[in-house]
Structure formats: C-alpha cells, structure tokens
Amino acid sequence: SFINFFANQDGVFKFHPVLLVFAFSLQNVTSQFITAKNRHNRTPYHIFAGVSSTVATLAGSSVIFLLKGGFSRPLAEHIVSWHSWMGLAAVVVALTHGTAASLFLWPGLIASVAPRRTRLALHRITALLVIWAFAAALI
C-alpha cells in the first residue's frame, strides 16, 4: 500500500529519482520560457516552474541524505561516487540559482546592485549550470 511504501526506507529512497527528474525537467522547461518570444507574459509560469524545480530538488536531496544516515554519518561517507558529487553540485547550484533569482530579479529584494542586463545574464548562466549539473549527475 501507499503507507507501506513510505514506511519502507528503500521504497522512499527509490522515490528520489522521480523527484530529481521532475526537477530537471522543470529546469529545462523554464529555459524554454527564457528564449521564447513575448517572454514577459510567461514570467509567472517561469517563476512557478523554477520554484517547483527548487522544491523538488530539495525534497529529493533530503530523501537521499536522511535515509542514508543523515547527520549521524560524516559527509564524506555520503559523497562517494560521481553521481553523488554531481548530485551535490546540482543541489548547491540550484539553491544558489533560486536564491539569486529571488534577490536580484523577482521580487528583486536587492535589484539595485547591478544593471538588469547583467542580472539576467548571470541568471541564464547559473540556469545552464543547474541543467549541466543535473545532466552530469544522471551519467
């Protein structure tokens, strides 16, 4: 049953690829909104997809970390393969990207630190880094 699936740690751990593929897919969808014509009307969808991607990334990463021993094990025991290193990089870059977007773009809490063109360029670069890190983790 559904309850038994979540009571079983192996079952929950197997759920992490679903969350992270969902996050990866949403990140790719948001990149399509950047390049689309008339992108200003799509900003709310872009924000929704980006926030959903970040939340799914956090959820999937939390499942992995907590079910692999959490803080009771040293971090070095969690990061033992290419997949884990690239997964960690994807999480760090995704969270950095999301935080920077909320600070510099929308709602733009500290938007005055750089011209809009510079902020958008950095947003696109970090978005590509997120996509590349997700893709590298899938290898």
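# Chat about a helical model

Guide: This is a predicted model. Take helix H7 (residues 116-138) to begin: at 1.5 Å a residue, its 23 residues should span 33 Å, and the end C-alpha atoms are 33 Å apart, which agrees.

Visitor: Which residues of H7 are buried?

Guide: Arg-119, Leu-120, His-123, Ala-127, Val-130, Ile-131, Ala-133, Phe-134, Ala-136 and Ala-137 are the buried residues of H7.

Visitor: Why would residues three or four places apart point the same way?

Guide: An α-helix has 3.6 residues a turn, so residues at that spacing point the same way.

Visitor: And what do Leu-122, Ile-125, Leu-128, Leu-129 and Trp-132 form?

Guide: Those five form a nonpolar patch on the surface, with about 510 Å² of accessible area together. Leu-122 has its place in helix H7.

Visitor: Back up a bit. How many helices and strands are there in the protein?

Guide: Seven helices and zero strands. From the N terminus on, the elements run α-α-α-α-α-α-α.

Visitor: What share of the residues is buried?

Guide: Buried residues make up 31% of the 139 residues in the protein. The protein exposes about 9000 Å², and carbon and sulfur atoms supply 72% of that area.

Visitor: What about contacts: how much comes from residues 24 or more positions apart?

Guide: Such pairs account for 65% of the contacts with a separation of 6 or more.

Visitor: Which residues make up the largest nonpolar core?

Guide: There are 10 residues in all: Leu-20, Ala-23, Phe-24, Ala-56, Ala-90, Ala-94, Val-130, Ile-131, Ala-133 and Phe-134. Helix H3 (16-35), H6 and H7 are the elements that give two or more residues to this core.

Visitor: Which element gives the largest share?

Guide: H7, with four residues.

Visitor: Pick Ala-23 from that set. What does Ala-23 touch?

Guide: Leaving out residues up to four places away in sequence, Ala-23 touches Ser-53, Ala-56, Thr-57 and Phe-134. Ala-56 and Phe-134 are also members of the core.

Visitor: Ala-56 is in H4, then. Which residues of H4 are buried?

Guide: His-46, Ala-49, Ser-52, Ser-53, Thr-54, Ala-56, Thr-57, Gly-60, Ser-61 and Val-63. Helix H4 (residues 43-67) has 25 residues and reaches 36 Å from its first C-alpha to its last, close to the 36 Å expected at 1.5 Å a residue.

Visitor: Which residue with a positive phi follows H4?

Guide: Gly-69, whose phi is near 115 degrees. Gly-69 is also one of the residues touched by His-78.

Visitor: Where does His-78 lie?

Guide: In helix H5 (residues 75-78). His-78 counts as buried because its relative accessibility is 14%. Apart from residues up to four places away in sequence, His-78 touches Phe-65, Lys-68, Gly-69, Gly-70, Arg-73 and Ser-84.

Visitor: Arg-73 is charged. What does Arg-73 form a salt bridge with?

Guide: With Glu-77, the closest N and O atoms being 3.2 Å apart. A search of the whole structure finds one salt bridge. Arg-73 counts as partly exposed at 30% relative accessibility, and Glu-77 counts as partly exposed at 40%.

Visitor: Now H6. How far does H6 reach from its first C-alpha to its last?

Guide: H6 has 23 residues and reaches 32 Å, close to the 33 Å expected at 1.5 Å a residue. In H6, the buried residues are Ser-84, Ala-90, Val-91, Ala-94, His-97 and Ala-101.

Visitor: Last one: where is Trp-106?

Guide: Trp-106 has its place in the loop between helix H6 (82-104) and H7. Trp-106 is exposed, because its relative accessible area is 55% and the cut-off is over 50%.

Visitor: And what does Trp-106 touch?

Guide: Ile-47 and Ala-101, not counting residues up to four places away in sequence. Trp-106 and Thr-43 are 63 residues apart in sequence and 9.6 Å apart in space, C-alpha to C-alpha.

Technical notes. Residues are numbered from 1 along each chain as its sequence is written. This is a predicted model: local features need pLDDT of at least 70, side-chain atom pairs count only at pLDDT 80 or more; totals for chains, interfaces and linings use all residues. Side-chain values use heavy atoms; hydrogens and water are left out. Buried means under 20% relative accessible area, exposed over 50%, partly exposed in between (1.4 Å probe, protein chains only). Contact means heavy atoms within 4.5 Å. The expected span of a helix is 1.5 Å times one less than its number of residues. Patches are made of residues with over 30% relative accessible area and no salt bridge: like charges are joined within 9 Å, nonpolar side chains (Val, Leu, Ile, Met, Phe, Trp, Tyr) within 5 Å. Accessible areas come from the Shrake-Rupley method with a 1.4 Å probe; for residues, only the protein chains shown count as cover. A salt bridge is a side-chain nitrogen of Lys or Arg within 4 Å of a carboxyl oxygen of Asp or Glu. A nonpolar core is a set of buried Ala, Val, Leu, Ile, Met, Phe, Trp, Tyr and Cys residues joined through side-chain atoms within 4.5 Å.
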